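Have a look at the structure below before reading on.

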Amino acid sequence: MIRVFYLGACGSLIALIFLCLAWELRLAPVVPGGTWLALKCLPLLAPLFGILNGRRYTYQWASMLILLYLTEGIVRATTEHGAAQLLAITEIFLASIFFCSCVGYARRTRPSAL
């Protein structure tokens, strides 16, 4: 089960990084031609190596970081239309998978659980 949580967290984090870049640079930028909002993917790079290396502490704090992206997805899904709304729903889906995977991984790898 730990492997499932690990793969879910890794896959959803990497997909979310690419989604944020593609969304703001190419697919549905706020301003045609891309915007500085593409920099919103930078905080997602901070936990990347800790998540890939299976560091429990990184899973713990990254589960709190991802809530910002979940919130952004909810706001943009309710305020945007067309492609941007679909991308926001995808962001909600990926952030939810990442959050659940992080919480599951942290719970399964706690010292008392081993």
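Helix α4 (residues 56-79) packs against helix α5 (residues 83-108) at an angle of about 160 degrees, and their axes are 8 Å apart. Helices here are DSSP runs of H or I with at least four residues, numbered from the N terminus. The axes are lines fitted to C-alpha atoms over the stretch in contact, with angles from 0 to 180 degrees between N-to-C directions. Angles over 145 degrees count as roughly antiparallel, and therefore α4 and α5 are roughly antiparallel to each other.

This is a predicted model, in which local features need pLDDT of at least 70 and side-chain atom pairs count only at pLDDT 80 or more, while totals for chains, interfaces and linings use all residues. Residues are numbered from 1 along each chain as its sequence is written, and side-chain values use heavy atoms, leaving out hydrogens and water.

Now for the cysteines. A search of the whole structure for disulfides (pairs of cysteine sulfur atoms within 2.5 Å) finds 0.

| Cysteine | Nearest cysteine sulfur | Distance |
|---|---|---|
| Cys20 | Cys41 | 6.4 Å |
| Cys100 | Cys102 | 9.5 Å |

Is Cys20 buried or exposed? Cys20 has 0% relative accessibility, so Cys20 counts as buried; buried means under 20% relative accessible area and exposed over 50%, with a 1.4 Å probe and protein chains only.

Back in helix α4 we find Leu68. Leu68 is exposed, with a relative accessible area of 59%. From Leu68 to Gly82 there are 14 residues in sequence and 22 Å in space, C-alpha to C-alpha.

Technical notes
Helices (H or I, at least four residues) and strands (E, at least two) are DSSP runs, numbered from the N terminus. Angles under 35 degrees count as roughly parallel, over 145 as roughly antiparallel, 65 to 115 as roughly perpendicular and the rest as oblique.
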